[in-house]
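Hello,

Here is the structure I promised to pass on to you. Have a look at it first, and then read on for what turned up in it.

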Amino acid sequence: MLKLENVTKYYDNFKAVDNLSFTVKEGEIFGLLGVNGAGKTTTFRMIIGLLDSTEGNITLDGKKIDYNVSDKIGFLTEERSLLTKLTVKEQVIFYGVLKGLEEKEILKRLDYWLDRFHITDYKEKKIKELSKGNQQKIQFITSIINEPKLLILDEPFSGLDPINVELFMDVIRELKKKGTSIIFSSHRMEHVELFCEKLVILVHGQSVLSGSLKEIKKSYRKKNIHVKADANIDALKKVKGVVDVLETSEDIVIKIESDDYIDDVFNEIKKYKNVTEFRVEDPSLNEIFLSKVGVVYES
C-alpha cells in the first residue's frame, strides 16, 4: 500500500504541493487529477524518490521509498523518456537492468509483451523508427517490465488509436487483478471514470476534492435530466432550479441545481406531447472537475 501523509513540497518560497494525504491500496486504481501546474508531476517525483518532500511522509508497504523500494515501482511519464537511437531490445534491457533484472529474464518478458502488443517485428528496430503510438507501447513495456508493485501512469493513452487504447485498458485491468497498485492521471475524464475507484483533484498543490468516485458523484447535488419530448426550451429554462437546457442530436439535457428540483421539471415535462424519456443521472466527472477547478481559479 502506498501512503502519503501530510506531504508538502517547497521550491524555495514556492509551495508546489500543500499538505497532501492519500492512500492507494493493493489492486486499486487511484486517480490523481489536476490541470497543468497543479502539482501532479512533483507528487509523482516524490513518490518514486527523485525528490524529497519538505514535510510529511511517503511510504510503500510501510517503508520509506529509497533505491531498494523504487525497484518495485513503474512509471510511465507523460513526456517521452525513450532513448531514440537505441533499438527496442536495447531500450528495454537498459530499463530492466536499472530495475535489478537479469538480461535473460528481461528478454523473456519483452518477447511476451511485444507479442501482446502486436509488435514482435519491432524488437531490433530503433525507437526513432517507430510511430508515436508504437513508441508509447514501448514506453509502457519499460514501465511494467519489472512487474511493479506500484505503477504510475501519466497520460498513458497519448498517441494511441481507439483499438490500442482498449488493448492498454485490458492490460491495466489485468495488473489490477494481480494486485498492482496503480495511480492513473489523465486529462480525459471519461478514461478516469472507467478505471478509478478513488481520486484526488489538485489545484495549486492542494486537494480540493477527494474520495471514492461513487460517493463524490452522489454528494455532488447538481443533476442532469435527459428528456425526449416535444418540449418548449424557453419554458424549461424558466423552471425553478434549472441552470441550463441543452439540445443534443438525441435528446434534451436539463441541468438542475440539485435533486430538489426534479419534481418541478417533471411537472413541466408532463405538459408536453410525445414524452418517451425522462431520465435523471449524476453529472460526469468532467463537469465536477471543471466546477472544482473553476471555483478555485475564479476566487
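**Two helices side by side**

Please keep in mind that this is a predicted model. Let me start with helix α5 (residues 132–144) and helix α6 (residues 162–177): their axes come within 12 Å and cross at roughly 5°. Angles under 35 degrees count as roughly parallel, and α5 and α6 are therefore roughly parallel to each other. On the α5 side, the residues that meet α6 are Q136, K137, F140 and I144. Their partners in α6 are N164, F168, V171, I172 and L175. By type, the residues of this contact divide into six nonpolar, two polar and one charged.

**The chain as a whole**

If you zoom out, you will find eleven helices and 14 strands. The chain has 299 residues, and 48% of them count as buried. Its C-alpha atoms fill a box of roughly 75 × 45 × 30 Å along the principal axes. The accessible surface comes to about 15,700 Å², with 47% of that belonging to carbon and sulfur atoms. Among contacts with a separation of 6 or more, 68% are between residues 24 or more positions apart.

**Two residues with positive phi**

Next, have a look at D12, in the loop between β1 (2–11) and β2 (14–24). D12 is not a glycine, yet its phi is positive, near 55°. This residue is exposed, with a relative accessible area of 76%.

N19 sits in strand β2. It also is not a glycine and has a positive phi, of about 55°. At 45% relative accessibility, N19 counts as partly exposed.

Technical notes. Residues are numbered from 1 along each chain as its sequence is written. This is a predicted model: local features need pLDDT of at least 70, side-chain atom pairs count only at pLDDT 80 or more; totals for chains, interfaces and linings use all residues. Side-chain values use heavy atoms; hydrogens and water are left out. Axes are lines fitted to C-alpha atoms, for helices over the stretch in contact, and angles run from 0 to 180 degrees between N-to-C directions. Helices (H or I, at least four residues) and strands (E, at least two) are DSSP runs, numbered from the N terminus. Angles under 35 degrees count as roughly parallel, over 145 as roughly antiparallel, 65 to 115 as roughly perpendicular and the rest as oblique. Contact means heavy atoms within 4.5 Å. Ala, Val, Leu, Ile, Met, Phe, Trp, Tyr, Cys and Pro count as nonpolar, Asp, Glu, Lys and Arg as charged, and the others, Gly among them, as polar. Buried means under 20% relative accessible area, exposed over 50%, partly exposed in between (1.4 Å probe, protein chains only). Accessible areas come from the Shrake-Rupley method with a 1.4 Å probe; for residues, only the protein chains shown count as cover.
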